[in-house]
Amino acid sequence: MATDKAFVDVGGTSMIQRVLAALDECCSELLIVAKDPPAFAHLPARVIPDRFPLRAPLVGVCSGLREASNPWAFVAACDMPYISPNAVRLLADLAAGFDAAVPWTGGRWHPLHAVYATRTLPVFEARLADGEMRLWAALAALRVRRVTAGELEAADPGLGTLHNVNTAQQWRNLGGVRPERMEA
């Protein structure tokens with residue numbers, strides 16, 4: 001997209017505001033990791049600058065985990081306008097006894113809609129130091145609770161919670177379409 005996805009309008013509200021509203025229902029702390037912190041200063045969350053100049057989700061996860069005050073953190077992308085607080089709660093419950101709880105649907109991980117123990121920060125930072133930028137690849141070093149589509153659907157029928165918007169066409173397709181009917 002030709003603009004910052006966080007501020008794209010979905011149903012009269014920016015995507016980032018939708019994400020924050022959903023997470024405010026189930027999280028005790030809201031953090032935004034941003035390359036341009038002043039652009040997010042007006043939002044009801046603590047804004048943290050990315051610690052590294054690289055553009056990779058793993059960098060944002062490291063920055064957020066370093067600043068989180070709780071032992072567990074739900075990590076989400078800013079382009080997920082239908083995050084379900086019930087799905088977040090389920091992931092948090094399923095994370096007990098593991099380093100992370102990460103959805104696995106359609107033959108792939110969804111590491112930007114997952115719960116991580118903040119103690120995993122050194123593992124992620126070591127991956128960055130090794131030049132590994134793929135968040136899903138770093139999961140191999142963790143004890144991950146793989147959360148199936150069926151388990152997640154119990155909290156969010158239709159899995160709209162996993163839907164993200166990567167292109168202008170996907171954004172245009174949101175008009176009037178209920179999240180349960182969208183393809184992830």
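Reader: What share of the 184 residues in the protein chain is buried?

Author: In this predicted model, buried residues make up 44% of the 184 residues in the protein chain. A residue is called buried because its relative accessible area is under 20%.

Reader: Which residues of helix 3 are called buried, and what covers them?

Author: In helix 3, residues 85-94, the buried ones are Pro-85, Ala-87, Val-88, Leu-91 and Leu-94. Their cover includes helix 1 (15-24) and helix 6 (149-153), together with strands 5 (72-76), 6 (100-105), 8 (113-117) and 9 (144-148).

Reader: How do you know that helix 2 meets helix 4, and which residues take part?

Author: Contact requires heavy atoms within 4.5 Å. On the side of helix 2, Leu-58, Val-59, Val-61, Cys-62, Leu-65 and Arg-66 meet Leu-121, Phe-124, Glu-125, Arg-127 and Leu-128 of helix 4. By class, this contact has eight nonpolar, three charged and no polar residues.

Reader: What describes the packing of helix 2 and helix 4?

Author: Two packed helices are described by the angle and the distance between their axes. For helix 2 (residues 57-67) and helix 4 (residues 121-129), the angle is about 145° and the axes are 10 Å apart. The crossing of helix 2 past helix 4 is left-handed.

Reader: What is the predictor's confidence in the protein chain, and where is the pLDDT below 50?

Author: The pLDDT averages 89 over the protein chain, and 88% of the residues score at least 70. Over residues 176-184 the pLDDT is below 50, and this stretch has 11 contacts in the model beyond near neighbours in sequence.

Key
Residues numbered from 1 in each chain as written. Predicted model: local features only at pLDDT ≥ 70, side-chain atom pairs only at ≥ 80, totals over all residues. Heavy atoms only, no water. Axes fitted to C-alpha atoms, helices over the stretch in contact; angles between N-to-C directions. Helix = DSSP H or I, 4+ residues; strand = E, 2+ residues; numbered from the N terminus. Left-handed = near helix turned anticlockwise from the far one by under 90°. Nonpolar A, V, L, I, M, F, W, Y, C, P; charged D, E, K, R; others polar. Buried < 20%, exposed > 50% of the residue type's maximum accessible area, 1.4 Å probe, protein only. pLDDT = per-residue confidence, 0-100.
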